[in-house]
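Visitor: Can we go through the pockets in this one? I'd like to see it first.

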Amino acid sequence: MNLELSEEQDAVRRLAKDFVAREVTPYAAAWDRAESVDRAVVRKLGDLGFLGLTIDEEYGGSGGDHLAYCLVTEELGRGDSSVRGIVSVSLGLVAKSVAAWGTEEQKRRWLPGLTSGALLGCFGLTEPGTGSDAAHLTTMAVLGTDGTYTVNGTKMFITNGTWADVVLLFARTNDAPGHKGVSAFLVPADAPGLTRRAVHGKLGLRGQATAELVLEDVRVPADALLGPEGKGFSVAMAALAKGRMSVAAGCVGIAQAALDAAVAYATEREQFGRSIAHHQLVQELLSDIAVDVDAARLLTWRVADLVDRGLPFATESSKAKLFASEAAVRAANHALQVFGGYGYIDEYPVGKLLRDARVMTLYEGTSQIQKLVIGRALTGVSAF
Ligand SMILES: Cc1cc2nc3c(=O)[nH]c(=O)nc-3n(C[C@H](O)[C@H](O)[C@H](O)COP(=O)(O)OP(=O)(O)OC[C@H]3O[C@@H](n4cnc5c(N)ncnc54)[C@H](O)[C@@H]3O)c2cc1C
């Protein structure tokens with residue numbers, strides 16, 4: 001097994017590192033306080049090709065493999081998870097779904113804008129009453145005699161929601177029970193009847209535009225269906241299987257940032273007449289973080305490798321997401337401990353890392369849901 005990066009992968013990682021150092025890290029704390037990332041960052045991400053990774057150049061994408069995508073995602077997560085999430089959702093969940101399931105017309109309509117950053121996508125699956133149990137979503141899309149659907153429902157916690165130009169929307173199109181009645185649609189965010197309300201007061205990811213979407217008699221043409229009618233849940237699950245790899249990579253970035261900050265602080269801060277790095281129990285905190293970083297990164301790279309080789313990866317993606325998200329929380333919490341009281345104030349970066357990490361065990365399937373996915377793969381039994 002060769003874990004050495006190719007020249008291309010190394011180059012894209014260095015590009016992302018440099019971008020994050022110049023354009024993200026210096027502003028992350030201010031964006032967090034202002035509850036908004038500077039929107040100009042979207043175009044910059046597009047200009048560097050970070051919103052088009054793995055997408056064919058024919059549609060404006062920048063090519064590259066999934067390991068390159070994970071390397072960029074890790075670097076963005078190291079700088080600011082709010083910025084990382086913009087890419088994970090607009091490219092990872094939306095553009096990749098269009099590339100995988102879209103008609104030629106849909107690809108030409110949406111992908112050049114999504115990959116350049118001229119357009120942003122959001123992923124509308126969760127509803128106020130259905131989170132983990134997404135197959136029982138209640139948003140309805142009723143086909144009229146004129147061939148258009150009329151959509152009614154509410155979507156909750158939608159990342160990029162207030163900024164997005166297109167919503168990958170999941171709605172029920174027939175009476176079939178559970179996931180069988182769900183279809184996917186590409187709905188322009190300015191469609192009449194679609195209103196968006198920003199969700200404020202989040203513990204972390206404060207720079208990110210999270211929204212509730214309310215759809216009241218929104219008219220959607222039949223050619224907005226993404227994939228076959230009744231196959232929307234497959235579209236969603238395929239997107240999330242890869243999406244979990246992207247969340248895992250972002251979590252590696254958080255854990256790496258926590259490690260870097262904790263090591264730097266431990267070698268500078270003095271107590272009992274020497275740097276706190278001399279205390280064995282501080283070294284224990286640092287080494288625990290370091291092992292978590294390596295383990296999470298290797299699990300994530302394994303998923304990318306499976307995807308790039310066209311092999312099954314969904315269970316491994318759940319394992320990587322489960323481990324990396326819990327590891328990011330542990331790492332940020334350990335780092336905060338190393339900082340002592342200074343970790344508790346926002347002049348230092350570790351408090352934000354902990355707040356940002358905390359959602360990672362919740363979205364794109366909670367840790368409990370990942371365990372059910374892994375358990376089903378082990379036993380063949382769908383527990384719930
Ligand atoms: C900041 C943020 C951004 C988000 N972005 C998006 C987005 O872009 N698009 C989108 O569609 N959604 C998004 N979500 C929603 C997210 O995916 C859901 O919050 C998540 O799936 C959990 O759903 P829930 O919050 O309704 O919790 P619930 O499903 O109500 O779960 C509550 C608790 O019960 C547990 N639980 C539920 N069912 C089981 C079970 N069968 N076995 C064991 N335990 C169980 C859960 O693990 C959890 O601990 C986002 C959420 C947040 C907070």
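Visitor: How do the residues of the second largest pocket's lining divide into nonpolar, polar and charged?
Guide: The lining of the second largest pocket has 16 nonpolar, 6 polar and 11 charged residues. Here Ala, Val, Leu, Ile, Met, Phe, Trp, Tyr, Cys and Pro count as nonpolar, Asp, Glu, Lys and Arg as charged, and the others, Gly among them, as polar. This is a predicted model, where local features need pLDDT of at least 70 and side-chain atom pairs count only at pLDDT 80 or more, while totals for chains, interfaces and linings use all residues. Residues are numbered from 1 along each chain as its sequence is written, and side-chain values use heavy atoms, with hydrogens and water left out.

Visitor: What volume does that second largest pocket have?
Guide: About 660 Å³. A pocket is an open set of points on a 1 Å grid over the protein atoms alone, where a 1.4 Å probe fits, with protein on both sides within 12 Å along at least five of seven lines; lining residues have an atom within 4 Å of a point. Points are joined across faces, edges and corners, and the volume is the space filled by probe spheres set on them.

Visitor: Why does it lie between domain 1 and domain 3?
Guide: Because domain 1 (7–120) and domain 3 (234–379) both give residues to the lining of the second largest pocket. Those bounds come from an automatic or database domain assignment.

Visitor: OK, and the largest pocket, what's its volume?
Guide: The largest pocket comes to about 1,400 Å³. Its lining counts 48 residues, with Gly131, Ser132, Arg244, Glu364 and Gly365 nearest the centre. By class, that lining has 26 nonpolar, 14 polar and 8 charged residues.

Visitor: Switching to the ligand: which residues come nearest?
Guide: Thr126, Ser132, Phe157, Thr366 and Gln368, of the 16 residues around the ligand. Being near takes a heavy atom within 4 Å.

Visitor: How far is the side chain of Thr126 from a ligand nitrogen?
Guide: An N or O atom in the Thr126 side chain is 2.7 Å from a nitrogen atom of the ligand. For Thr159, a polar side-chain atom lies 2.8 Å from a ligand nitrogen. Phe123 has a polar backbone atom 2.8 Å from a nitrogen atom of the ligand.

How values were computed:
Polar contact = N/O pair within 3.5 Å; in protein donor to acceptor, adjacent residues only side chain to side chain.
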